[in-house]
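Here are my notes on the model you sent over. Have the fold open while you read, since the points go helix by helix and then turn to the sheet.

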Amino acid sequence: MKNKMLAVLAALILLASMGHVHAQTTTLRYGQIPSTIKSVSALHFNIAQRKGLFVREGIYVEMISIDGGAANMMTALDRGAVDITRTASFFLIQAALKGSDGVAIASETATPIYSLIVKPEIKSFADLKGKVVGLTNAVSTISVSMRKLLALNGLRNSDYRVIEFVGTPERSECLRKSECDAVPLGQPEDFILLKQGYQRLGISNDAVPNFQFIVSAVRRSWASASRDSLIRYVRALAAAFRLMREPANREEVMKIILDTTGSSEEIARQTLALYFEPERGVFPKQGELDLKGLDQVIQFMGETGDLKPPLPSAERFVDLQYLRAAGLQ
């Protein structure tokens, strides 16, 4: 409690120094998987924290660590352990259809880039026949996009064996231990392994160029009573996305990647070039939700049998009022 009070006091002092003081600072409990906050996928969040963008909006974000993998994020939200959670749209849709009060209010990652990283001796997709591919659960967007990539290059599901893992560290470790022959990895993990001699056969975007992957989710009932706070929250996220996209800020953004992920300057530069040279739609422009991209996720879930026809519309799982009130959607 003492540490929380000190953090709030520091936020108020910073607000005063920025000349933008709200009547009071609002604390929002944000659910996060421990390993994710150190990844590039959380870059916008780290920028917002470091540049005082939440503070400027009178928001103190209290990080709540949720153990046990991505599937637990919606469970934590539903039981009221957090106010906002970062979650894959697949898990949000799945939970909502089972009665969850959860809904997406902003985008955090639009179309991520996952590299299919393989052992050094594997030179082509044909070399993966009879080999082991480490994926996430069968109906996740990562697994579906990787299966589509493999199919695009001539491999049927029966041509390889699959081991399922909860997170990126586990998939990476499987490859390092030679228990897997190929795994999908995001950044910077894929660049780290490439530097160590592993190979990249392709990227998820080759097969699936557009979908809505990670969202900020809240409970509808809580959000209705916290409308002003959520508008300020999405404004801070939008400012972070705009800052990261500005070419003049490239060196500063690179430094934040170095500080938060522990990767090298070379890998940080490669990652930013992969995302923005050319623009590949990894991050939203300012937190906007891509309903067509969310429809693609729903189509995935229909293809895997996780959803039965008639498939629901994307609008069922979003509440755009907070983005619209902030002029962002």
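1. Let's start with a crossing: α11 passes α12 in a right-handed fashion (right-handed if the near helix is turned clockwise from the far one by less than a right angle, left-handed if anticlockwise). Helix α12 covers residues 265–276, and its axis sits 9 Å from that of α11 at an angle of about 120°. Axes here are lines fitted to C-alpha atoms, for helices over the stretch in contact, with angles running from 0 to 180 degrees between N-to-C directions. α11 and α12 are therefore oblique to each other; under 35 degrees would count as roughly parallel, over 145 as roughly antiparallel, and 65 to 115 as roughly perpendicular, with oblique for the rest.

2. Before going on, some housekeeping. This is a predicted model, in which local features need pLDDT of at least 70 and side-chain atom pairs count only at pLDDT 80 or more, while totals for chains, interfaces and linings use all residues. Numbering starts from 1 along each chain as its sequence is written, and side-chain values use heavy atoms, with hydrogens and water left out. Helices (H or I, at least four residues) and strands (E, at least two) are DSSP runs, numbered from the N terminus.

3. Who touches whom between α11 and α12? From α11 come Arg250, Glu251, Val253, Met254, Ile257 and Leu258, and they meet Glu265, Ala268, Arg269, Leu272 and Phe276 of α12 (contact means heavy atoms within 4.5 Å). The residues of this contact divide into 7 nonpolar, no polar and 4 charged. For the bookkeeping, Ala, Val, Leu, Ile, Met, Phe, Trp, Tyr, Cys and Pro count as nonpolar, Asp, Glu, Lys and Arg as charged, and the others, Gly among them, as polar.

4. α11 (residues 250–261) also packs against α2 (residues 43–50), at about 100° and with the axes 10 Å apart. That makes α2 roughly perpendicular to α11. On the α2 side you'll find Leu43, Asn46, Ile47 and Arg50, facing Val253, Ile256, Ile257, Asp259 and Thr260 in α11.

5. Next, the α5 and α13 pair: the angle is about 70° and the axes are 10 Å apart, with α13 covering residues 291–303. So α5 is roughly perpendicular to α13, and α5 passes α13 in a right-handed crossing. Ser89, Phe90, Ile93 and Gln94 of α5 meet Leu294, Val297, Ile298 and Met301 of α13, a set with 6 nonpolar, 2 polar and no charged residues.

6. Now the sheet. It is open and mixed, with 5 strands in the order β2-β1-β3-β10-β4 (two strands pair if DSSP finds at least two bridges between them). β2 (59–65) and β4 (102–109) are the edge strands with a single partner each, so one side of each has no neighbour in the sheet. From one strand to the next, the twist averages 30°. β3 (residues 84–88) and β10 (residues 214–219) run antiparallel and are joined by 5 bridges, with Ala88 standing opposite Ile214.

7. Two helices lie across that sheet. α5 (residues 89–97) covers β3, β4 and β10, at about 105° to β3. α10 (residues 227–245) lies across β1 (26–32), β2, β3, β4 and β10, at about 20° to β4.

8. Lastly, the cysteines: a search of the whole structure finds 1 disulfide (a pair of cysteine sulfur atoms within 2.5 Å). Cys174 is joined to Cys180, S to S 2.0 Å, and with 85° about the S-S bond the link is right-handed.
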